[in-house]
Amino acid sequence: MTEQGPGDFREFVQSRSDKLVHFAFWMTGNWEDAKDAVQESLAKASLSWERIEKPDAYVHRLVVNSVRRGYRARRREVLVADPPEVDVADPGLEAVTSRAELAGALRRLPRKQRAVVVLRCCLDLPVADVARMLHCSAGTVKSQLSKGLAKLSQDPELRGMPRPSARGGTT
């Protein structure tokens, strides 16, 4: 076991909070839910911090579990009769719109596919780490990733968005 002190936890929180919130956002599609999931996860991690051997993997797993619990608790969406008009001529707004469309497309994936796509593609974690975090085999990670990316490529909301290339850039 790794001996870690309270200062280590504070440093962990300061250095990883933003990335954890972004990770949770890609899982939830909502900044407030993402922040709640990370806060809940960090609170749980703090209780057993001295016994945690791999803090990054452990906390990411806590975030995934928190998002799952939150998803089960509120399986409803708020519908708005008249959505606000958006001027897409602003390039900054286009990026936000693209992110919102991607987040929406991710939300339409089944939970396991969404988790795998986010962990592999957004966080760039190795297959073995994703498998360990999701308590499944590497083969399951690969098949869920393949299915998830295939669904995303067919999503009508994402048509016209730049596609990632094999080397990480966009085409």
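User: Why are α5 and α7 called roughly perpendicular to each other?

Analyst: This is a predicted model, and the angle is computed from it. The axes of α5 (residues 111-122) and α7 (residues 138-154) cross at roughly 95 degrees. Angles of 65 to 115 degrees count as roughly perpendicular. The value falls in that range, so α5 and α7 are roughly perpendicular to each other. The two axes come within 8 Å.

User: Which residues make the contact of α5 with α7?

Analyst: From α5 come Lys112, Gln113, Val116, Val117, Arg120 and Cys121. From α7 come Thr140, Val141, Gln144, Leu145, Lys147, Gly148, Leu149, Lys151 and Leu152. By class, this contact has seven nonpolar, four polar and four charged residues.

User: What makes Gln144 buried?

Analyst: Its relative accessible area is 14%. The cut-off for buried is under 20%, so Gln144 counts as buried. Gln144 lies in α7. Setting aside neighbours within four places in sequence, Gln144 is in contact with Lys112, Gln113 and Val116.

User: Which residues of α5 are buried?

Analyst: They are Gln113, Arg114, Ala115, Val116, Val117, Val118 and Leu119.

User: How do you know that the span of α5 is close to the one expected?

Analyst: α5 has twelve residues. At 1.5 Å a residue, 16 Å is expected. From first C-alpha to last, α5 reaches 15 Å, which is close to that. Just after α5, Asp124 takes a positive phi of about 60 degrees.

User: How do you know that the length of α2 agrees with its residue count?

Analyst: α2 (residues 31-47) has 17 residues. At 1.5 Å a residue, they should span 24 Å. The end C-alpha atoms of α2 are 25 Å apart, which agrees.

User: Which residues of α2 are buried, and why are they said to line one face of the helix?

Analyst: Ala34, Ala37, Val38, Ser41, Leu42 and Ala45 are buried in α2. Seen down the axis of α2, these buried residues fall within an arc of 125 degrees, so they line one face of the helix. On the other side of α2, Gln39 and Leu47 are exposed.

User: Why is α6 called roughly perpendicular to α7?

Analyst: The axes of α6 (residues 127-134) and α7 cross at roughly 100 degrees. That angle lies within 65 to 115 degrees, so α6 is roughly perpendicular to α7. The axes of α6 and α7 come within 8 Å. At the contact, Val127, Val130 and Ala131 of α6 meet Ala138, Val141 and Lys142 of α7. By class, this contact has five nonpolar, no polar and one charged residues.

User: Why does His135 count as exposed?

Analyst: Its relative accessibility is 61%. Exposed means over 50%, so His135 counts as exposed.

User: And what makes Leu123 partly exposed?

Analyst: Leu123 has a relative accessible area of 26%. Buried needs under 20% and exposed over 50%. The value lies in between, so Leu123 is partly exposed. Leu123 lies in the loop between α5 and α6. Not counting residues up to four places away in sequence, Leu123 touches Phe23, His60 and Val118. Leu123 and Phe23 are 100 residues apart in sequence, but 7.2 Å apart in space, C-alpha to C-alpha.

User: Why is Arg10 counted as exposed?

Analyst: Arg10 has 53% relative accessibility. The cut-off is over 50%, so Arg10 counts as exposed. Arg10 is found in α1 (residues 6-28).

User: How many helices and strands does the protein have?

Analyst: It comes to seven helices and zero strands. Along the sequence, the pattern is α-α-α-α-α-α-α. Buried residues make up 35% of the 171 residues. Among contacts between residues at least 6 apart in sequence, 62% join residues at least 24 apart.

Key:
Residues numbered from 1 in each chain as written. Predicted model: local features only at pLDDT ≥ 70, side-chain atom pairs only at ≥ 80, totals over all residues. Heavy atoms only, no water. Axes fitted to C-alpha atoms, helices over the stretch in contact; angles between N-to-C directions. Helix = DSSP H or I, 4+ residues; strand = E, 2+ residues; numbered from the N terminus. Parallel < 35°, antiparallel > 145°, perpendicular 65-115°, else oblique. Contact = heavy atoms within 4.5 Å. Nonpolar A, V, L, I, M, F, W, Y, C, P; charged D, E, K, R; others polar. Expected span 1.5 Å × (residues − 1). Buried < 20%, exposed > 50% of the residue type's maximum accessible area, 1.4 Å probe, protein only. Arc of directions from axis to C-beta.
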